[in-house]
Amino acid sequence: MSEVVLSGVVKRYGQVTALAGVDVRVPSGKLTAVLGPSGCGKTTLLRCLAGFERIDAGEILIDDSRVAGGGRHLPAHRRNIAVVPQEGALFPHLSVADNVGYGLDRAARRSDRVEEVLTLVGLAGYGGRMPHQLSGGQQQRVAVARALAPRPSVVLLDEPFSALDAGLRAGLRHDVREALRADGATGVLVTHDQGEALSVADKVVVLRDGRVIQADAPTAIYREPVDVWVAGFVGDAVLLPAVVEQGSARTALGLLPVTGPVTDGQVTVLVRPEQVRVAAGSAGVTASVLRHDFHGHDALIGLRLADGTRITARILDGGADWPVGGQVTVHVDGPARAFPAQTASTTSVLVDLAA
Ligand code: ADP
Ligand code: MG
């Protein structure tokens, strides 16, 4: 198990600053997700960690030993870090066992280690197969087994499931998380998929424009996002203009208790769609149903309040009781989170995304 610490890491490609001073602590034996939109610097971060890129400033420590920075650049093969790429990682002409054993010395290859890691990823007994005899998901499992085999201090996974079907992805990422955990490996998973990051990681690092915006447990990232951008990036967000007085926010959805650091005055409040309750009848705030997005496990219902404000409610039973065009009443369960007031344009963009 190994702890990785990046401090003030800067990486430039010519005029482009891909990493603009990144501070991250990757806890030992845990899976940390680096989450951010395309182009925010995720792959660059992994490449700097792995030693494929030289950093321009800052330092990287693995178990308190400096591997990059201050004039030092330990080459990739001496960092004891394994990388699982997006796809196409396997040697097509080698069997599964030979792929997994590739980075091992002869003694380790003859030991049980190959079968042990194949078992960890759910492929016990598959050693004799060739890669083309496996599904895409099984091939990625082999790639993970190969990364784990030499017991690296850190395993880096760069969007390893993004080429796979959604249905397959959920099961695979869970199994990979369990395999890393069972082997005591420290993992860094790069993804632009917020569902993936929140569901499997012990810690989520949100990256934007080459900077860390927030680093915390998945529940804290979702419930206590540091700004409205993170709020909207990690989940569906209903953002409402509000005025705070004595710990309560006056909004189009009524008076809501507020959590987090707030001062009185103009704010933007965040409510998650699952906090919005929809009922029949006319008591309370009335709304008309604009649209339904059915997702199987739940439905998102777009609503418009009398004053024109658009909001979204998450309904677990599919929402068939609330047909488009009907009138309903809504209220909010639980507290809202307040942020400094947004400019009109930012607020409307994010509200449109949510509604
Ligand atoms: P992500 O993996 O989050 O999509 P990347 O780390 O690949 O982002 O890229 C971050 C930024 O650095 C982008 O603006 C990208 O265009 C730029 N970049 C990445 N690699 C190179 C390179 N080899 N040369 C020039 N610019 C690069
Ligand atoms: Mg990338």
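**Notes on the predicted model**

1. The buried residues of helix α6 are R169, L172, R173, V176, R177, A179 and L180. Around the axis they span an arc of only 160°, which means that they lie on the same side of α6. On the other side of this helix, G167 and A182 are exposed. It should be kept in mind throughout that the model is a predicted one.

2. Helix α6 itself runs over residues 166-183 and has 18 residues. From its first C-alpha to its last it reaches 26 Å, close to the 26 Å expected at 1.5 Å a residue. Just after α6, G184 adopts a positive phi of about 70°.

3. What covers the buried residues of α6? The cover includes the strands β3 (31-35), β8 (154-158) and β9 (186-191). It also includes the helices α4 (113-120), α5 (136-148) and α7 (194-200).

4. R141 deserves a separate comment. This residue is found in helix α5. R141 counts as buried because its relative accessibility is 16%, and the cut-off for buried is under 20%. Leaving aside residues up to four places away in sequence, R141 touches V121, L123, G171, L172 and D175.

5. Helix α1 (residues 42-50) presents another case of burial. Seven of its nine residues are buried, and α1 is therefore largely enclosed by the rest of the structure. The buried positions in α1 are K42, T44, L45, L46, C48, L49 and A50. G51 follows α1 and has a positive phi, near 95°.

6. How many salt bridges does the structure hold? The number is 19. By way of background, side chains of opposite charge can pair when their charged atoms come close.

7. E178 counts as partly exposed, at 31% relative accessibility. R181 is likewise partly exposed, its relative accessible area being 40%.

8. A salt bridge also joins the side chains of R66 and E59, at 3.0 Å from N to O. Are these two partners buried, partly exposed or exposed? R66 counts as partly exposed, with 33% relative accessibility. E59 is partly exposed as well, with a relative accessible area of 27%.

9. D236 forms a salt bridge with R314, with 3.0 Å between the closest N and O atoms. This pair links distant parts of the chain, the two residues being 78 residues apart. D236 is in the loop between α9 (228-234) and β12 (238-245), whereas R314 is in strand β19 (residues 310-315). D236 is partly exposed, with a relative accessible area of 28%. Elsewhere, salt bridges that share partners join R113, E116, R151 and D183 into one network.

10. A last point concerns the domains. The domain assignment of the chain gives domain 1 as residues 4-223 and domain 2 as residues 236-351. Taken over C-alpha atoms, the centres of domain 1 and domain 2 are separated by 38 Å.

Definitions and conventions
Residues numbered from 1 in each chain as written. Chains lettered and ligands numbered in written order. Predicted model: local features only at pLDDT ≥ 70, side-chain atom pairs only at ≥ 80, totals over all residues. Heavy atoms only, no water. Helix = DSSP H or I, 4+ residues; strand = E, 2+ residues; numbered from the N terminus. Expected span 1.5 Å × (residues − 1). Buried < 20%, exposed > 50% of the residue type's maximum accessible area, 1.4 Å probe, protein only. Arc of directions from axis to C-beta. Contact = heavy atoms within 4.5 Å. Domains from an automatic or database assignment. Salt bridge = Lys/Arg side-chain N within 4 Å of Asp/Glu carboxyl O.
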